[in-house]
Amino acid sequence: MKQIFTSILILTSLISFGQNSTIDDLWKLYNSHDYKSVIEKAKPLLENEPNNLDLNSILGRTYTDLENYKEAIPCLDFTVKNDKNNSWQKAWALGYLGTCYYMMQKYDESEKSLNECINLNSTKNATNDAYVKSLLFGFNEFYKNWKIVETNNFRFHFQNMDDIEIEKYISLREKAFKEINVFFKSKLPKKIDFYVWESREDARRILRKNLGFANPDFCIVNTHYQQTIGHEMTHVISNYTSEITNKTRFINEGTAVCFDLSLQDRLIQVKNWMTTNNKQIDIKDYWKNGNEYAEEILYPLSGLFVKELLDNFGKEKFLEFFKSQTYENALLVFGDKLDKVIQAFENKTNK
Ligand SMILES: [Zn+2]
């Protein structure tokens, strides 16, 4: 009898050891962003064990990261309802539910989930994450007097603007959206939540960032009311033109500048900067080390250069290249002519 008992004990501990190591492996895969492998491995396991909390939690978060919100919600819901210890699993599931509902434009449910996560206060990281998201998604007392106006492609939020100005503002942006998207032909997962701030200081205090900026993953733009019409919305629209595996600051900003619909003379801006700073332009360096350069020169220069790429290689080739925005990929897509274009561009700007 004792022997049988011991064997059962060993067997159970082997099974649970096996399970734990499987779950650990899945979390490792998840943390390395290998979402496709997580789904491949975890989905059949969940079919055998639909009430497994770990599997629901991992799959719910993975589906969310893959933007498959409909599949994510039941798994996350299960985790929230069945994590009786109110552990980190429940906290993160609530935070991820906040994302799913937000992307499905179910704003009330999103706010409720994020608040529940914050109030649960289970782990510091999950609480902070939910708090930051709730600010970004506009679920804060601070926004309660903002005017919300929904149009075909946007949900505008105005800090302080009168109705006549608002009408002008939104019709220009709707028109711009259509114009820009003739080029990108993107299908966005939701309307762009477009926050129009009157005060740069307020934005810095609330969001801890300088205006303007876009969060393409959430289709959110935060802008000062005087900023260009097209720049930030181009960041969002272009993000959905195809699956983008590699963004570089030089090309990504250059594209936003190129489509900002302002009539600023970028060549003069670049030349003035070169004279003031007594410097020449090396395109490949800006391309490779984009993060090291100030907006003041990187924006006009990259905008001019993206225009040059479009003029030389056309829309289809450009969009093919846009998926992976490195110089190396540009060489693959555009071929040997690329270096000649760069040379001619540098000769023109450096003279
Ligand atoms: Zn930008």
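Q: In what sense do strand E1 and E2 pair, and over how many bridges?
A: Antiparallel, over four bridges, with E1 covering residues 147–150. Pairing here requires at least two DSSP bridges between two strands. Strands (E, at least two residues) and helices (H or I, at least four) are DSSP runs, numbered from the N terminus.

Q: Before we go on, what kind of model is this, and how is it numbered?
A: It is a predicted model: local features need pLDDT of at least 70, side-chain atom pairs count only at pLDDT 80 or more, and totals for chains, interfaces and linings use all residues. Residues are numbered from 1 along each chain as its sequence is written, and side-chain values use heavy atoms, with hydrogens and water left out.

Q: Back to the strands. What stands opposite His157 of E2?
A: Ile148. E1 and E2 form a hairpin, with three residues between them.

Q: And which way does E2 pair with strand E3?
A: In the parallel sense, over five bridges; E3 is residues 192–197. Phe154 has Ile192 in E3 as its bridge partner.

Q: What handedness does the unit of E2, H8 and E3 have?
A: Left-handed; it is a β-α-β unit. A right-handed crossover would run clockwise from the first strand over the helix to the second, with the strands pointing away from the viewer.

Q: How many residues of E2 are buried?
A: Five of its five, across residues 154–158. Buried means under 20% relative accessible area, with a 1.4 Å probe and protein chains only.

Q: Which E2 residues point which way?
A: Phe154, Phe156 and Phe158 point one way, Arg155 and His157 the other. In a regular strand, side chains alternate between the two faces of the sheet.

Q: New topic: why is helix H11 called largely enclosed?
A: Because eight of its ten residues (249–258) are buried. Among them are Phe250, Asn252, Glu253 and Val257.

Q: What covers them?
A: The cover includes H8, H10, H12 (266–277), H13 (283–288) and H14 (295–322).

Q: How many cavities of 30 Å³ or more are there?
A: One. A cavity is a set of points on a 1 Å grid over the protein atoms alone where a 1.4 Å probe fits but cannot get out; lining residues have an atom within 4 Å of a point.

Q: How much space lies in the largest cavity?
A: About 40 Å³. Volume is the space filled by probe spheres set on the points, which are joined across faces, edges and corners.

Q: What lines the largest cavity?
A: Tyr169, Arg173, Phe194, Thr223, Gln227, Thr228, Ile229, Glu232 and Met233. H8 (163–184) and H10 (231–239) each supply at least two residues of that lining.

Definitions and conventions. On a 1 Å grid over the protein atoms alone, a cavity is a set of points where a 1.4 Å probe fits but cannot get out, and a pocket is an open set with protein on both sides within 12 Å along at least five of seven lines; lining residues have an atom within 4 Å of a point. Buried means under 20% relative accessible area, exposed over 50%, partly exposed in between (1.4 Å probe, protein chains only). Contact means heavy atoms within 4.5 Å.
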